[in-house]
Amino acid sequence: MIVRKAGVTDVAALADLQDIEPDRLVAFAGWVAAHAETHLPFVAEVDGRVVGAAWLLVAERVPRNDSLDRRYGDVQSVMVREQHRGQGLGTALMAAILTEARARNLAHVTVHSGRRAVDFYLRNGFGHHRRLLLWEPAAP
């Protein structure tokens, strides 16, 4: 298993993991290129084939007098192919993302988890936070 930052040559594999249709690959590649500074993809390879990915969004909060650099991260689109789950790939992807977050001195990293993955994130160092609130628009 190899976990690494994804590059331009990984766009098709990243699109496949996101269920992007082949006719939308060019648009997806454009999005990845346009967001290269803020959305950092990491991939997990087994036998030279990308079988998992996770993204780190790097965003900025409004500066304060005591801190002009208030960047934070958000984990997005974590995916490991079903036949490769339970082999430590997700944990390795999270370790790579959190290493990147430390290297960038991010204030914190959040994740919006699906119900089934909450325990995975708790095992990987995330915790519930009493001040994180969520607003969602009312259904039409």
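Biologist: How do the residues of the lining of the second largest pocket divide into nonpolar, polar and charged?

Modeller: The model is a predicted one. In it, the second largest pocket has a volume of about 620 Å³ and is lined by 25 residues. These divide into nine nonpolar, twelve polar and four charged.

Biologist: Which element gives the largest share of the lining of the second largest pocket?

Modeller: Val-78, Val-80, Arg-85, Ala-117 and Phe-120 lie nearest the centre of this second pocket. Two or more lining residues come from each of S4, helix H3 (89-103) and H4. The largest share, six residues, comes from S4.

Biologist: Which residues are the closest to the centre of the largest pocket?

Modeller: The largest pocket has a volume of about 900 Å³. Strand S4 (71-80), strand S5 (109-111) and helix H4 (118-123) each give two or more residues to its lining. Of the 23 lining residues, the closest to the centre are Val-109, Thr-110, Val-111, His-129 and Leu-132.

Biologist: How many residues of the lining of the largest pocket are charged?

Modeller: The lining of the largest pocket includes eleven nonpolar residues and nine polar ones. The charged residues in that lining number three.

Biologist: Which strands stand at the edges of the sheet?

Modeller: The sheet is open, with five strands in the order S1-S2-S3-S4-S5 and mixed pairing. Two strands each have a single partner strand, so one side of each is left without a neighbour in the sheet. The strands at the edges are strand S1 (2-5) and S5.

Biologist: What does the twist average from one strand to the next?

Modeller: The value is an average taken from each strand to the next. It is 25 degrees.

Biologist: Which residue in the hairpin of S2 and S3 takes a positive phi?

Modeller: Strand S2 (residues 39-46) and S3 run antiparallel, joined by eight bridges. Among the facing residues, Phe-42 stands opposite Ala-54 in S3, and Val-46 has Arg-49 as its bridge partner. The hairpin has two residues between the strands, and the one with a positive phi near 55 degrees is Asp-47.

Biologist: Why is strand S3 largely enclosed by the rest of the structure?

Modeller: S3 also pairs with S4, in the antiparallel sense, over eight bridges, and Val-58 stands opposite Gly-73 in S4. Buried here means under 20% relative accessible area. Strand S3 (residues 49-60) is largely enclosed because, of its twelve residues, the number buried is ten.

Note on methods
Residues are numbered from 1 along each chain as its sequence is written. This is a predicted model: local features need pLDDT of at least 70, side-chain atom pairs count only at pLDDT 80 or more; totals for chains, interfaces and linings use all residues. Side-chain values use heavy atoms; hydrogens and water are left out. On a 1 Å grid over the protein atoms alone, a cavity is a set of points where a 1.4 Å probe fits but cannot get out, and a pocket is an open set with protein on both sides within 12 Å along at least five of seven lines; lining residues have an atom within 4 Å of a point. Grid points are joined across faces, edges and corners, and a volume is the space filled by probe spheres set on the points. Helices (H or I, at least four residues) and strands (E, at least two) are DSSP runs, numbered from the N terminus. Ala, Val, Leu, Ile, Met, Phe, Trp, Tyr, Cys and Pro count as nonpolar, Asp, Glu, Lys and Arg as charged, and the others, Gly among them, as polar. Buried means under 20% relative accessible area, exposed over 50%, partly exposed in between (1.4 Å probe, protein chains only). Two strands pair if DSSP finds at least two bridges between them. Axes are lines fitted to C-alpha atoms, for helices over the stretch in contact, and angles run from 0 to 180 degrees between N-to-C directions.
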